[in-house]
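The sequence and structure come first.

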Amino acid sequence: MLFDPLARLGRGGLDALARFGRAHRLLLAMVLGIGEVLRRPRLLIAQVYNVGVLSMLIVGVSGLFVGMVLALQGYYVLARFGAAESLGLMVAASLVRELGPVVTALLVAGRAGSALTAEIGLMKATEQLAGLELMAVDPVRRILVPRLFGGVLAMPLLAAVFSAVGVIGGYFVGIGLLGVDAGAFWSQMQSAVDFREDVVNGVIKSLVFGVVVTWIALFQGYDCSPTSEGVSRATTRTVVHGALAVLGLDFVLTALMFGG
Amino acid sequence: MARQRNIEILVGAFMVAGFVALFFLAMQVSNLNLAGGDEGYRLTARFANVGSLKARAPVSMAGVRVGRVEAVDFDPRTFEAVVTLRIDSAVDNLPMDTFANVFTSGLLGEQYVALEPGGSPDVLRDGDEIMQTQSAMILEQMIGQFLFSKASGDG
């Protein structure tokens, strides 16, 4: 009686720890199963389609609007300091370093991650995964591995599209609407944005986010309780945990890359 | 089969779009220089004060960029700043008595190193030191001097 609350706390802690361990064992199994993708590239292509091509529209449109808003808001502040020519630099640096990778990862977590969780969870609930196992086909290799690498491959490309479209959106607003000089817009951007320091670091960020978001989505689906309620809860958890992981990791990565 | 093919085409188009975007970021947005193999050569210069000069700041001559600042270090013996400059190898005939200045682009802009050629027939080689330097203009000091001279002039 007396120790009931303590026992509940302990059980919760043990459960969380066990889930953590299962998630990492799943990641390890998926990374070791990379051979499956090389042997059956078709499976990978289908998943790049699911995560990449189908997310293209939302990522492109969001990038355009984020770039345009950045230009509008940035101009307001920069013009007060007489530095409106730095608009291109501000738009490009913030997109390439931060907003491109982060917003793309959040969008993919919502758009593709939730779909992955629901798909895997439903496969589990309808015992398709168990059926595969009965046929001596490893569901981790056959189902999960192509999805993981599809997500990892698609994420940096989506982030690059987001940043590029955003820069073009910022260009249209800056030059067309606000009357910033086009030459200064590009030259300031090119003189301050560094390829290795900014662009490559942004790509590294989105690779990490690609791994984390797809991993969380796949694990939540694979680990959900096989009921309709369990699948719905797992889908919610994917979006919440995915977003939190992306934002938290972004701080760590930014501190490592640009903080020194 | 036709559906599989459509998916493959769309994925191909997606990957092309992604790499085009990356290429755009590399070439148009950032200052990626494909002639990056040009390592150039190093010169050092000592300044009493470099202001807020940072590594990667441009080194210019007659207003044209001829190199970059590679490192800004402090010499604890002479209490001077030691600036390492990497000059493009195309500019290999800087006279021995070249003059190095730390300037600011615009009133509040970034600081850069400006080189002015001297008249010596000897040229600077890799690892040489530029002997004639002038420190950065510190805006606060200049304002202070200006106010001071104004005040003493009035009195």
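## Second largest cavity

The second largest cavity has a volume of about 40 Å³. This is a predicted model. Helices α5, α7 and α9 of chain A each give two or more residues to the lining of this second largest cavity. The largest share, 4 residues, comes from α5(A).

The residues that line the second largest cavity are Val51(A), Val108(A), Ala112(A), Gly113(A), Leu116(A), Gly151(A), Met155(A), Gly210(A), Val213(A) and Thr214(A). By class, 6 are nonpolar, 4 are polar and none is charged.

## Largest cavity

Over the whole structure, the search finds 2 cavities of 30 Å³ or more. The largest cavity holds about 80 Å³ of space. Its lining includes Val96(A), Pro101(A), Pro156(A) and Val199(A), together with Leu22(B) and Leu25(B).

At least two lining residues of the largest cavity come from each of α5 (87-125), α7 (139-177) and α9 (195-223) of chain A and α1 (2-29) of chain B. The lining of the largest cavity has 9 nonpolar residues, 3 polar residues and no charged ones.

## Gly60(A)

Gly60(A) belongs to helix α4 of chain A, which spans residues 56-80. Is Gly60(A) buried or exposed? Gly60(A) counts as buried because its relative accessible area is 17%, and buried means under 20%.

In sequence, Gly60(A) and Ala164(A) are 104 residues apart, while in space their C-alpha atoms are 9.1 Å apart.

## Domains of chain B

Chain B is assigned domain 1 (1-30) and domain 2 (41-144). Taken over C-alpha atoms, the centres of domain 1 and domain 2 of chain B are separated by 44 Å.

Definitions and conventions
Residues are numbered from 1 along each chain as its sequence is written. Chains are lettered from A and ligands numbered from 1 in the order in which they are written. This is a predicted model: local features need pLDDT of at least 70, side-chain atom pairs count only at pLDDT 80 or more; totals for chains, interfaces and linings use all residues. Side-chain values use heavy atoms; hydrogens and water are left out. Buried means under 20% relative accessible area, exposed over 50%, partly exposed in between (1.4 Å probe, protein chains only). Domain bounds come from an automatic or database domain assignment. On a 1 Å grid over the protein atoms alone, a cavity is a set of points where a 1.4 Å probe fits but cannot get out, and a pocket is an open set with protein on both sides within 12 Å along at least five of seven lines; lining residues have an atom within 4 Å of a point. Grid points are joined across faces, edges and corners, and a volume is the space filled by probe spheres set on the points. Ala, Val, Leu, Ile, Met, Phe, Trp, Tyr, Cys and Pro count as nonpolar, Asp, Glu, Lys and Arg as charged, and the others, Gly among them, as polar.
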